[in-house]
Amino acid sequence: MEVSLPTIVIFILSIVILTSAWRAVRWVWLKPKKLERCLREQGLSGNSYRLPFGDLKESSRMIKHAKSKPMNLTHDIAPRVLPFVYQTVKNYGKNSFIWMGPTPRVNIMDPEQVKDVFSKIYAFRKPREHPLSKLLATGVADYEAEKWAKHRKIINPAFHLEKLKNMLPVFHQSCKDMIGKWENLVAEKGLIELDVWPHLQNLASDMISRTAFGSSYEEGSMIFELQREQAELLMKLIQSVYVPGGRNNRNVGMNIKEVVEECKLFYFAGQETTSVLLVWTLVVLSKYPNWQARAREEVLQVFGENKPDFEGLNHLKVVTMILYEVLRLYPPLAVLNRTVHEDTKLGNLYLPAGIGISLPTILVHLDSELWGDDAKEFKPERFAEGISKATKGQVSFFPFGWGPRICIGQNFALMEAKLVLSMILRSFSLELSPAYAHAPHSVITLQPQYGAHLILRHL
């Protein structure tokens, strides 16, 4: 029996269409429902899967509503910053999950389980990135397996303490320039109302530019502005369903393109982390003048009118306590996400490959079961004997992540913050302006939506 060519073509096309349709059905319905049954059988709770967006539309709606107006001046910011996850945990408990499109994401808040997720870096990996996120920056923070290990090993020496010591004069000059501008603004009246947020962003960018690339912020301002715009666009894209494609990890070398990407990451992540830590610290100290006074007294006792040095910065106990408490209440990243790379046991949970993991930093940091009834209050004294004592040895404080993949630049950011805070407190007293509107929100990092309007008085 002779079969015509058109018949063969139609047959092949039919097979292709049916195969594609079957894969689509599996991806958007059969697999999600199977994973949902698996999670529910283990006692986890959450909304039933809704094709094809899961909880994304509701999450986006809640974020939009939360950002529509400022909140009261409290540190209980999770309902505004992470509204859907907050509501899910409130409704279903800590053993809960949400839907990111057809993928369930399990909320992990138990310190032992959090520790396992951070420790088992080959089982719990970074989520597959959105294709357009590469425009913002990619690098050691996003790489996995051998490529991550290779890049981390190459970059580590740049953050040794001896290298950081050598950066202090540059940090000092950048901060001196900013304070000089503030002093000129204050000179006429002795005080001024100022939105310090853009100034701190420019300062952090200037310090990164000078230490890493030998140029000032003004010379690289276009790069920073483009990165900020890309960050805002990326946050909008994250709220949509991304159909994943292939990803290549075979090349573990550091070619020129990868070096450029690491520089972009250092530019963006470095200035973002420092600027948000500083802005929330100034806001908080403006609200708590007694802690502001204690920090200033310590700075004057350690440095007097001398230039801050490395040894002195390490002796700032009160300042360090304040910075840790700010990082607890206002962590740079409100949530950290991972993907289960292979079928894995996590405590008493069985997690199939492909499932998502959510580590809601801000919820863990504010958990009264872990931190006490005063968890939502600003009490730096909880860190008087260090992090280990404050956390009772548990992994319940991770503003820079934890484990092998802890942020490589955390010491860099903390040293910058200590120096800048010391220099500001010696020159100015800080108060909240009546124009200040408390509105933390996430644009990759936790930022003040309406700026940070403070009243500066020259001392």
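W22, V25, W29, L30 and L51 make a nonpolar surface patch of about 490 Å². Patch members have over 30% relative accessible area and no salt bridge, and nonpolar side chains (Val, Leu, Ile, Met, Phe, Trp, Tyr) are joined within 5 Å. A salt bridge is a side-chain nitrogen of Lys or Arg within 4 Å of a carboxyl oxygen of Asp or Glu. Areas come from the Shrake-Rupley method with a 1.4 Å probe. W22 sits in helix α1, residues 5-41. Helices (H or I, at least four residues) and strands (E, at least two) are DSSP runs, numbered from the N terminus.

The model is predicted: local features need pLDDT of at least 70, side-chain atom pairs count only at pLDDT 80 or more, and totals for chains, interfaces and linings use all residues. Residues are numbered from 1 along each chain, and side-chain values use heavy atoms, without hydrogens and water.

Now to a sheet. Three strands form an open sheet in the order β4-β12-β9, with antiparallel pairing. Its edge strands are β4 (191-195) and β9 (428-432). Strands pair if DSSP finds at least two bridges between them. β4 and β12 (residues 453-458) share five bridges. L191 stands opposite R457 in β12.

Two helices lie across these strands. Angles run from 0 to 180 degrees between N-to-C directions, with axes fitted to C-alpha atoms, for helices over the stretch in contact. Contact means heavy atoms within 4.5 Å. Helix α18 (residues 410-427) lies across β9 and β12, at about 95 degrees to β9.

Finally, S396 lies in the loop between α17 (387-391) and α18. S396 is buried (under 20% relative accessible area), at 1%.

Note on methods:
Patch = residues over 30% accessible without salt bridge, like charges linked within 9 Å, V, L, I, M, F, W, Y side chains within 5 Å. Buried < 20%, exposed > 50% of the residue type's maximum accessible area, 1.4 Å probe, protein only.
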